[in-house]
Amino acid sequence: MKKQTKAIRIQTAPSQNREHSVPLYLTSSFAFESAEQGKALFDETEEGNIYSRFSNPNVSEFVEKVCMLENAEDGIATGTGMAAVFASMAGLLKSGDHIVACRALFGSAHQIITQILSKWGITHTYVDASASEAEWEAAIQPNTKMVYLETPSNPGLELVDLKMLARLKAKHGFILNVDNCFATPILQTPIDLGADLSIHSATKYMDGQGRVLGGIVVGRADLIQPIRFFARHTGPSLSPFNAWVLSKSLETLELRMERHCRNALQLAEALDAHPDIDRVLYPFLPSHPQYALAKKQMSAGGAIVTIELGGGFERVKAFFDALTIPTLSSNLGDSRTIVTNPNTTTHAKLKPDEKAALGITPGLIRISVGLEAIEDLIEDFTRAVSKSAEIVKEKVA
């Protein structure tokens with residue numbers, strides 16, 4: 001059976017009411033049939049729901065679907081994507097451990113590694129996404145417990161060779177932890193390429209319409225167990241309602257990603273030909289520095305296009321003012337096209353040298369390409385690029 005069919009047909013077993021669509025289990029706790037069952041559930045000799053901070057039928061259905069899509073053994077859902085990132089680290093790392101991370105990370109992930117884990121005596125080493133296998137290996141220390149990365153990265157769309165890191169993992173025995181949010185399980189399954197864990201901000205493409213927050217970690221069952229222990233006792237639970245929304249949204253994820261990717265590629269091609277844009281980044285553009293790796297590792301280029309405009313923040317403001325279709329927001333993964341300036345939003349808290357290392361310039365713009373008619377998007381973006389260039393030239397003159 002194909003994954004698309006499974007994503008639609010996997011459901012919590014119907015109740016005595018014979019409902020067709022899975023109901024919402026909006027309950028804080030669950031009753032025991034007997035004292036013996038209560039004891040069995042708590043000592044884990046019997047599986048079942050106890051308390052919605054631990055598990056809930058709606059949450060379990062969502063986790064089961066994502067495990068299926070990612071070819072994972074087990075998983076746990078959380079209230080947000082960053083809760084999933086943090087739980088995947090805090091549940092597995094201890095004082096004295098070392099983490100190797102790709103330098104190209106979302107701002108909050110960077111803060112966790114540098115500001116929070118460091119307080120626990122967990123050290124880190126950053127490596128460039130484009131580093132060679134030898135350079136990655138040189139960063140690995142005897143106490144390296146985990147390698148963490150995003151591929152493609154946010155917002156620079158840098159890729160990391162997962163099969164290469166899987167070879168190093170086999171040699172050195174670390175945990176390979178991959179944020180797969182930008183690719184989704186539809187375009188890339190890191191576990192099939194050697195990763196131990198795959199993380200998603202379900203807020204993004206898994207929801208796809210900007211409605212709910214959620215996160216999920218899936219992977220090896222022996223690693224999910226301590227992550228689940230950490231999450232159950234610290235409480236970053238996914239709400240049953242959000243899980244219900246996300247599980248229903250997974251039914252259309254493949255269809256939506258096909259349109260997202262087709263739109264993104266066509267927009268990237270159109271913008272790449274525009275003379276008033278300094279740079280266009282998209283994994284499936286031949287001009288992308290890691291185009292060959294993208295074609296090998298992903299089935300399509302994703303829905304994010306990053307462009308760089310000359311003229312700094314003044315140009316960015318003029319460009320945003322000239323757009324008529326996209327939403328200006330720091331979110332992504334929506335059915336509606338969204339634009340943001342990472343330098344002043346998602347990565348604003350980074351130091352200037354950290355921004356420079358990630359290629360985050362004042363004129364960088366991240367475009368989350370939506371599902372609108374591509375002809376409308378191309379017309380709107382190309383017109384805004386030209387108009388903003390003219391406005392900046394007039395101000396300089």
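**A tour of the salt bridges**

Begin by selecting Arg220, which at 31% relative accessibility counts as partly exposed, a class lying between buried (under 20% relative accessible area) and exposed (over 50%), with a 1.4 Å probe and protein chains only. The model is predicted, so local features need pLDDT of at least 70 and side-chain atom pairs count only at pLDDT 80 or more, while totals for chains, interfaces and linings use all residues. Residues are numbered from 1 along each chain as its sequence is written, and side-chain values use heavy atoms, with hydrogens and water left out.

Now move to Glu308 and Arg279, whose side chains meet in a salt bridge at 3.1 Å, N to O. This pair links distant parts of the chain, with Glu308 in strand β9 (residues 304–308) and Arg279 in strand β8 (residues 279–281), 29 residues apart; strands are DSSP runs of E, at least two residues, and helices are runs of H or I, at least four, both numbered from the N terminus. Glu308 is buried at 17%, whereas Arg279 is partly exposed at 33%.

Finally, select helix α13 (residues 312–322), where Lys317 and Glu314 lie three residues apart, about one turn of the helix, and form a salt bridge at 3.0 Å, N to O.

How values were computed:
Salt bridge = Lys/Arg side-chain N within 4 Å of Asp/Glu carboxyl O.
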